[in-house]
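Reader: Could you walk me through this structure? I am new to it and would like to take it one topic at a time.
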Amino acid sequence: MKIYRFARKMLSSGDRDLLKYRIKLVSKLYKEEGLKAVYGRLQSAYNNSSLYARNPAAQDTFDETSFDDRSSLIEAWLKTDFKKASLKVNEQSHYVPKALDTLENVELPVKVIAYYLPQFHPFKENNEWWGEGFTEWTNVSKARPQYLGHQQPRLPGELGFYDLRLPQVMRQQIDLAKQYGVNGFCFHHYWFGGKRLMETPVQNFLKDKTLDIDFCLCWANENWTRRWDGLENDVLIAQNHSPEDDIAFLDDIMPALKDERYIKVDGKPLLILYRASSLPDAKQTGKRWREHAEKNGLPGLYLVVVNAFDVSSPEPYEFDAIVEFPPHQIGAKDITDSITLLNKDFTGRVYDYEELALRAGKIDNDNFTLFKAVMPSWDNEARKPTQGFSFYNAKPELYAKWLDSAIKTTMKRKPEERLVFVNAWNEWAEGAHLEPDRHNGYAYLHATANILRNSLLKYDCDNELISEINQEYKPRFQSAVILHAYYEDLACELVEKYIAQYQDKLDLIITMRSDVKLSTLEKIKSSFPNVFFVMVDNRGRDIRPFIKALKVADGFGYKYICKVHTKKSPHRVDGQQWRESLFADLLGSREHVSKIISHFELHESTGIIAPKNSITDLSIPEINLGNRYWLEKLFSRMSTPELSKSFKTSFPAGSMFWFRKDALEPLTSNLLDEEEFELEAGQLDGTLAHSVERVIGAVANAQGYNLIDITSL
């Protein structure tokens with residue numbers, strides 16, 4: 001009865017559906033796992049909230065007197081969970097919508113190749129072994145979470161439960177890959193002594209030259225077993241290696257090797273061997289392949305072994321290189337004993353993704369060529385129910401760090417060998433996929449594109465050109481505009497529409513990504529000749545670039561500044577309307593701007609002037625819950641730790657506003673370090689940038705200034 005008494009305390013408000021939802025959810029979890037599980041889930045959902053920070057033992061004990069303290073947090077969690085269940089998937093805070101820009105046709109310093117599984121279609125053997133119509137989706141859709149924070153089942157997003165017999169599916173995959181900078185697919189090839197399996201998708205690809213993406217093959221030369229790992233005795237179809245089979249295999253893939261889209265290194269087609277040690281003599285196999293390739297008009301082969309099982313070097317096989325295949329042979333910290341199980345019968349293992357992601361990208365070997373590989377995540381619970389191996393805390397921003405370090409390691413190699421692999425494009429049953437899903441959306445693709453942008457070596461506009469433009473810049477007024485131009489097309493439009501009219505009144509500082517086009521700079525400069533450009537990494541949204549620009553503005557002696565950016569807000573249907581409203585309020589007319597500057601001069605207590613209806617109360621749970629980790633750090637650094645309890649402060653939503661430069665002085669001094677900003681993975685909430693946006697009003701208040709709405713002028 002305790003849970004029902006507790007529930008009655010929480011159910012004092014809300015509509016009927018919400019009340020029913022709360023009762024059902026709490027009762028179910030309490031009945032199955034106990035109150036400890038309710039608190040444990042709360043802790044997992046909100047990143048160790050302040051309740052647990054004050055009393056780490058709270059989750060392990062039950063004290064009825066603590067209901068009043070706990071009920072507010074439980075209530076907030078339940079309300080948020082209900083809201084998530086009611087919202088469209090692309091309105092969830094962790095869901096990253098599809099990007100509006102593209103990396104297609106951009107010259108990148110490395111080639112990203114994603115392993116590709118051609119399993120997602122019915123075929124004769126699977127029908128016989130597993131039942132009519134079986135595909136990988138059968139396993140994927142029935143997976144269930146085994147512990148708190150276990151993201152199962154993993155359900156596809158844009159592409160849906162696709163069938164790879166349909167050529168248009170691969171066309172859609174290719175369009176997505178190229179948009180986000182994935183240059184090629186490495187198709188797993190299944191050949192068993194003259195018999196192919198799952199060959200239809202690749203055969204369709206080879207026939208259709210309009211499917212324009214580079215590719216290579218990885219021979220998955222292991223037995224096909226009932227446990228999916230090639231290790232068990234219950235073999236469904238076996239490998240029978242022989243010298244004759246070596247030649248037959250190469251003849252079978254010869255059309256692919258000669259395809260103009262096939263990936264080459266030093267002019268030679270790149271061929272990957274999954275399990276070199278499974279061959280009777282892989283060294284001799286390699287020699288046969290090279291000789292036979294040359295007899296068939298190829299310049300040879302660039303042979304690569306996979307860094308898995310007992311293979312750690314290409315040298316014993318006289319292959320050209322070795323490629324990583326995480327999570328194989330890179331080590332991982334086992335944290336199974338520290339997780340909270342939902343299923344007491346779970347016998348799998350859980351590993352720490354964060355520890356791995358921060359370390360694995362730097363692994364290298366000077367003795368031979370090692371191609372780096374990263375994985376978005378790993379979780380084969382779908383294939384091994386209650387016995388799966390998974391990685392906890394696999395997040396897009398940690399994947400971004402892994403990819404970033406892997407690319408930096410790869411850049412040490414000669415240009416022909418600057419390849420980085422990703423495991424995988426679509427290993428859904430192993431929880432390793434770049435393809436968008438219903439939980440994270442396009443986050444992993446977004447992270448991939450962002451890291452590639454930041455790694456660009458050649459800019460359309462080089463540093464010398466930027467230097468020449470900036471040397472012409474002369475600060476002329478006391479007021480300026482700082483514009484962060486993530487979207488180049490909008491930058492030109494907004495400068496022409498709103499900012500160009502103030503050439504005799506305001507100066508202009510623009511922060512731009514390093515891959516900006518020369519034509520964009522020229523167009524902006526033609527609209528506003530006295531402009532200063534600051535090149536920035538795509539990191540920290542508009543906030544980190546703003547801080548960099550603010551430091552520049554500080555040197556020019558400005559008193560009043562208007563902060564704006566090229567907001568598109570693809571997660572909002574009213575994104576364009578919202579942007580236009582913000583710009584109109586801040587830079588809509590000369591009279592309007594004059595009124596704002598005059599107000600600053602006449603009212604020394606005003607620190608920030610925000611667009612109408614944009615001032616937001618941070619104490620609203622939906623606004624602060626996802627950001628508490630960074631908010632508590634920032635409030636502590638501001639010597640206002642009490643705000644971590646009440647969150648009684650306000651800020652301008654949309655991150656556009658006029659401000660007195662002195663009001664935000666801590667942003668350029670001691671409040672934070674620019675390197676603290678997370679790498680971009682399209683996060684819609686919870687990052688340092690989101691939290692800095694939310695403390696803008698508190699920063700101004702701490703300096704003795706207030707925040708007002710523009711309608712108060």
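Predicted model: local features only at pLDDT ≥ 70, side-chain atom pairs only at ≥ 80, totals over all residues.

Reader: OK, helices first. At what angle do H16 and H17 pack?

Author: Helix H16, which covers residues 488-499, packs against helix H17, residues 518-527, at an angle of about 10°, and their axes are 9 Å apart. Because angles under 35 degrees count as roughly parallel, H16 is described as roughly parallel to H17.

Reader: And which residues make the contact?

Author: On the H16 side they are Glu488, Ala491, Cys492, Val495 and Glu496, while H17 contributes Thr520, Lys523, Ile524 and Ser527. Sorted by class, this contact has four nonpolar, two polar and three charged residues.

Reader: Is Cys492 buried or exposed?

Author: Cys492 counts as buried, because its relative accessibility is 8%.

Reader: Switching topic: which residues have the most contacts inside the largest nonpolar core?

Author: Those are Leu271, Trp289, Phe421 and Trp425, in a core of 125 residues. Leaving aside residues up to four places away in sequence, Leu271 touches Leu217, Phe249, Leu250, Ile253, Tyr262, Trp289, Leu301, Tyr302, Leu303 and Val304. Another core, of 46 residues, lies apart from it and includes Ile623, Phe657, Val699 and Tyr705.

Reader: Last one, how many disulfides does the structure hold?

Author: The structure holds zero disulfides.

Terms used: Residues numbered from 1 in each chain as written. Heavy atoms only, no water. Axes fitted to C-alpha atoms, helices over the stretch in contact; angles between N-to-C directions. Helix = DSSP H or I, 4+ residues; strand = E, 2+ residues; numbered from the N terminus. Parallel < 35°, antiparallel > 145°, perpendicular 65-115°, else oblique. Contact = heavy atoms within 4.5 Å. Nonpolar A, V, L, I, M, F, W, Y, C, P; charged D, E, K, R; others polar. Core = buried A, V, L, I, M, F, W, Y, C linked by side-chain atoms within 4.5 Å. Buried < 20%, exposed > 50% of the residue type's maximum accessible area, 1.4 Å probe, protein only. Disulfide = S-S within 2.5 Å.
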